[in-house]
Amino acid sequence: MEGRKQKIMAELYDITQTVEKVILIGVSTGDSDMMKESLDELEELADTAGAVTVGKVIQNLPQIQQGTYIGTGKIAEICNLIAETGATGVICDDELSPAQLKNLEEGLGTKVMDRTLLILDIFAARASTSEGKIQVELAQLKYRLARLVGLRSSLSRLGGGIGTRGPGEKKLEMDRRLIKDRIAQLNRELAEVKRHREVIRSKRSREHVSVAAIVGYTNAGKSTLLNKLTGAGVLEEDKLFATLDPTTRMLELESGQEILMTDTVGFIRKLPHHLIEAFRSTLEEAKYADMILHVVDASNLQMEVQMAVVYETLKQLGVYDKPVITVFNKQDKVTQQETLRDFKADHTVKISAKTGEGLEELKSILEQVLKEKQILIERVYPYNEAGKIQQIRKFGQLLEEEYQADGIYVKAYVPTELYGSVC
């Protein structure tokens, strides 16, 4: 009976979702090869969002056109391409101004999106925790508030697709005052999230627990590495921004020392500033970590560019003076062995998170970095101070312990901040 009802409903309503066909547009003001790579990445983003790319257009210009993003002649060319391919929309590789969005829609007569909207849409689909949803909605509303008039005409033609996840059309149809009220409410909720994170960080500091922030370009293999090291069970998928919400797990090293491994959201070139602001409390896990684990996809031809993007994003977040371990991942996919360097890193290691290759060497480096932040002590504790040895066991690395007539002889490494309380 239930199956018959579903069949009738399917006949009455077309419940299948139409796959969007898009044309990608980029403006090259310098290196056209870089623009080609950027459009290839934009195609990956479109695929992640559920769209099919049916065409790519690159225009060489001294600078991006302020009013229309591309030249008027190119608009006419793209109109013909839309007709030929049956495209349902276009995606520009840069963030469009409200004027550019409106003028392009009028000139092309189709839905117009930009790189920022596309990334925001993917984040909206990936967010699963309440914190992630707050951050995404805030970023989307801030982006869309400035483009409310242009987006209304676009959304009125939509039944779904890219740009409609998250807040959606209903919220965009509220007046500006209501949207601003919603933004203010989300900011208050985000402030509460920030306070909660600060409490957790403060607790870690009191307990002298070291933290390693795992950062890297999206799809570099951060989640796979975290799973392999700690058994975290985080989603692994060969797609951009497969995981969005940060995960923290404890890793016990061979010496018995423990270190918290915190996964962060992947970086990408032209990461929307709305996202950086909304996700600042999450991204700042790297700022307050004791060390940075920079995961690089060594099989990617754009590896050098991706590394530069990661360092630039860390700079924007105010992440300085942290020991950096650069992990050249995906060695199982590398076809040509070459010298891999990162002059900004303190340590480098080749691994394959998928196969486990190089993970023992990585753990040894983690041990080494921890030791560099510790002080070697060698002394005899009176028996009435045995409680201090318990602190050393918990937060340091006990190398030798011997019970003598006058007390307990101890040789150990202890965190710098613990030294004063145990000596």
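Visitor: Is tyrosine 383 buried, partly exposed or exposed?

Guide: Please keep in mind that this is a predicted model. Tyrosine 383 has a relative accessible area of 42%, so the residue is partly exposed.

Visitor: How many aromatic pairs are there?

Guide: The count comes to 2 aromatic pairs. In one of them, phenylalanine 123 and phenylalanine 279 are arranged edge-to-face, with 5.4 Å centre to centre and 90 degrees between the planes.

Visitor: Where in the chain do those two phenylalanines sit?

Guide: Phenylalanine 123 belongs to helix H5, while phenylalanine 279 is in the loop between helix H11 (273–278) and helix H12 (280–283). The two are 156 residues apart, and the pair links distant parts of the chain.

Visitor: Are they buried or exposed?

Guide: Phenylalanine 123 and phenylalanine 279 are both buried.

Visitor: And which residues form the stacked pair?

Guide: That pair consists of tyrosine 383 and tyrosine 403, with 6.2 Å centre to centre and 20 degrees between the planes. Tyrosine 383 lies in the loop between strand S11 (374–381) and helix H15 (386–395), and tyrosine 403 lies in strand S12 (residues 397–404), so the pair ties together parts that are 20 residues apart in sequence.

Visitor: Why does tyrosine 403 count as exposed?

Guide: Its relative accessibility is 55%, and exposed means over 50%.

Visitor: Let us turn to helices. How is a packed pair described?

Guide: Two packed helices are described by the angle between their axes and the distance between the axes. Here, helix H5 (residues 115–126) packs against helix H6 (residues 130–145) at an angle of about 155 degrees, and their axes are 9 Å apart.

Visitor: Why are H5 and H6 called roughly antiparallel?

Guide: Their angle is about 155 degrees, and angles over 145 count as roughly antiparallel. H5 and H6 are therefore roughly antiparallel to each other.

Visitor: What else does threonine 116 contact, leaving aside its neighbours within four places in sequence?

Guide: With those neighbours left aside, threonine 116 is in contact with Glu95, Tyr143 and Pro272. This residue of helix H5 has a relative accessible area of 3%, so threonine 116 is buried.

Visitor: At what angle do H10 and H14 cross?

Guide: Helix H10 (residues 222–230) and helix H14 (residues 359–372) cross at roughly 85 degrees, and their axes come within 12 Å. H10 and H14 are therefore roughly perpendicular to each other.

Visitor: Which residues make that contact?

Guide: Leu225, Lys228 and Leu229 in H10 meet Leu359, Leu362 and Lys363 in H14. The division is 4 nonpolar, no polar and 2 charged.

Visitor: Now the backbone. What is phi of asparagine 219?

Guide: Phi of asparagine 219 is near 70 degrees, which is a positive value in a residue other than glycine. Most residues other than glycine have a negative phi. Asparagine 219 is in the loop between strand S5 (210–216) and H10.

Visitor: And what about phi of lysine 330?

Guide: Phi of lysine 330 is also positive, near 65 degrees. Lysine 330 is in the loop between strand S9 (324–329) and strand S10 (347–350). At 12% relative accessibility, lysine 330 counts as buried.

Methods:
Residues are numbered from 1 along each chain as its sequence is written. This is a predicted model: local features need pLDDT of at least 70, side-chain atom pairs count only at pLDDT 80 or more; totals for chains, interfaces and linings use all residues. Side-chain values use heavy atoms; hydrogens and water are left out. Axes are lines fitted to C-alpha atoms, for helices over the stretch in contact, and angles run from 0 to 180 degrees between N-to-C directions. Helices (H or I, at least four residues) and strands (E, at least two) are DSSP runs, numbered from the N terminus. Angles under 35 degrees count as roughly parallel, over 145 as roughly antiparallel, 65 to 115 as roughly perpendicular and the rest as oblique. Rings of Phe, Tyr and Trp (its six-membered ring) pair if their centres lie within 6.5 Å; planes under 30 degrees apart count as stacked, over 60 as edge-to-face and the rest as tilted. Buried means under 20% relative accessible area, exposed over 50%, partly exposed in between (1.4 Å probe, protein chains only). Contact means heavy atoms within 4.5 Å. Ala, Val, Leu, Ile, Met, Phe, Trp, Tyr, Cys and Pro count as nonpolar, Asp, Glu, Lys and Arg as charged, and the others, Gly among them, as polar.
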